[in-house]
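Welcome! Please take a moment to look over the sequence and the model, and then we can walk through them together.

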Amino acid sequence: KHKHVSGTHVCVWRHLNVICKLRRKLSDPSVRHVFHIRQVHANVLINGTFNDLIVANKLLYFYVQHKAINDAHHLFDEMTTRDPTTWSVMVGGFAKLGDYSNCYATFREILRSGVTPDNYSLPFVIRTCRDRKDFQMGQMIHDVVLKHGLQLDHFVCATLVDMYAKCTAIEDARKLFDVMLSKDLVTWTVMIGAYADCDAYESLVLFDRMREEGFVPDKIAMVTVVNACAKLGAMHRARFVNEYICRNGLSLDVILGTAMIDMYAKCGCLESAREVFDRMREKNVISWSAMIAAYGYHGKGKEALDLFHMMLSCGILPNRITFVSLLYACSHAGLTEEGIRFFDSMWGDYAVRPDVKHYTCLVDLLGRAGRLDEAVKLIEKMAVEKDERLWSALLGACRIHGNMELAEKAANSLLELQPQNPGHYVLLSNIYAKAGKFEKVAEFRDMMTQKKLKKVPGWTWIEVDNKTYQFSVGDRSHPQSNEIYRTLMSVIKKLEIAGYVPDTEFVLQDVEEEVKKEMLYTHSEKLAIAFGLIAIRKGDPIRISKNLRVCGDCHTFCKMVSDIMRRSIIVRDANRFHHFNEGTCSCGDYW
């Protein structure tokens, strides 16, 4: 039958047979090491099948998969013929290894060679922009997408949304998201997560929209939503999310369970956080650290330390995050000696080398205790690089103890690191105001004006009937404003009979004493609490959140309201939680 087959045909059949064998060999699971791939590569060169593009691409892919990027690059350079797959594999290989410059360079070669980028190579280079937070390059790649008409491709568009979100260009991400013809669960999750970092309320609005459009959130999506609830601190949303997770049978694994611990703790419900912690079948060091941190910023230092010892007894060793949580708990509970012992034990007992966060916690711990000289010595001898948070901790201690000389030193270091942060100017200005040096206050305000810096306004939020209301100082925008002010003045009169005297030291302006009192009376915290007394039924706690540190006069006001009005008040400020009950605060006035 084969007698009349020419020699040329026999060669072709043999060649095809070799190619098929090589393809099968490259698909064999036993080809697991670079050594095996190099053997196959050698066979390809010997058998003359290197010019088969499918074989060459598969070799290239295997080199990249095994992170043998030099072998891949050498093979790539030898290839006389390349198709979009070839280019995409190389772009992806460099991207996966974090070799961003070669990833960009290879993509530029694609464009110069006239090859049309596809929905495989583009997402790789876009993710590189995302990982580097390279917004400018991301915009340039977006222009390439538009030029080649790929703006409606689902994979490309979804990756662009992710890139803009991670570069904090939320408006650009949202514009793309809104025009996408089809959105999958991953894209919704990316957009919800982007808003969770900057606008938690909008994040939860998107979550509601996603469910309305028929998407069922998976665990990853729920972790994102839980994080948004933690940022917002809205208890009614936290309860809803918890019910949703239970109703849909999502198990409390380490990631979701830890996120829920953080959510409940930041919504002011430490009991629910501990309940979730106890329900978790599996816990890792992050889960334990999250619960220790929760006790810390709720002022439960002893409980935080007890939990740490329980963690050790379970065979879980602490890491850097654990020690940050522990030191923070000691600092806010006045456990100075315990905190120093933990810091000293980090390297010797647990082989955890202290970084700038641990030094910052220790400076804060010593500063709150009035041991400023020790805090300064620690800063002077520390080997790690100092950052703005370290100097902010020292400056905060100077504010508490009125140390002007040291405050100026800390402020100068801060302003060198972050000259455009208005918070530093405001804090030092407040220290001068407290000391009565209003000429210095005026000097700093002029500096802020010249630099076009604005003070962050103080806001207070309160939850009533599953809705969040916002108040600013002297706010009269609420529909029940007149009733709120009448209630507030009535409460203040009752407190004054019981001995409340407004502490005008916290009005950091050079005005008459009576004007200072009027300014204190209308602080946003007081307005929110007055509204809570009207709108929240007795027996339920009044929960408020403040974006700045609560002032000393409002702290006293909350204590007295909890006693005179017999109401439980939970305040979340920029640093911690305060639980007011029967005239006392969970912080023990150590804050």
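## The nonpolar cores

A nonpolar core is a set of buried Ala, Val, Leu, Ile, Met, Phe, Trp, Tyr and Cys residues joined through side-chain atoms within 4.5 Å. Keep in mind that the model you see is predicted. Its largest nonpolar core brings together 156 residues, and Met263 and Leu394 have the most contacts inside this core. The biggest contribution comes from helix α17, residues 285–297, which supplies 9 residues.

Which residues does Met263 touch, leaving aside those up to four places away in sequence? Its partners are Val226, Cys229, Ala230, Ala238 and Val241. There is also a second, separate core, made of 33 residues; among them are Leu527, Ile544, Cys558 and Trp591. As background, nonpolar side chains tend to be buried together in soluble globular proteins.

## The overall fold

Stepping back, you will find 30 helices and 6 strands in the protein. The C-alpha trace spans about 120 × 55 × 55 Å along its principal axes.

How many of the contacts between residues at least 6 apart in sequence join residues at least 24 apart? The share is 63%.

The protein has 591 residues, and 50% of them count as buried.

Notes. Residues are numbered from 1 along each chain as its sequence is written. This is a predicted model: local features need pLDDT of at least 70, side-chain atom pairs count only at pLDDT 80 or more; totals for chains, interfaces and linings use all residues. Side-chain values use heavy atoms; hydrogens and water are left out. Buried means under 20% relative accessible area, exposed over 50%, partly exposed in between (1.4 Å probe, protein chains only). Helices (H or I, at least four residues) and strands (E, at least two) are DSSP runs, numbered from the N terminus. Contact means heavy atoms within 4.5 Å.
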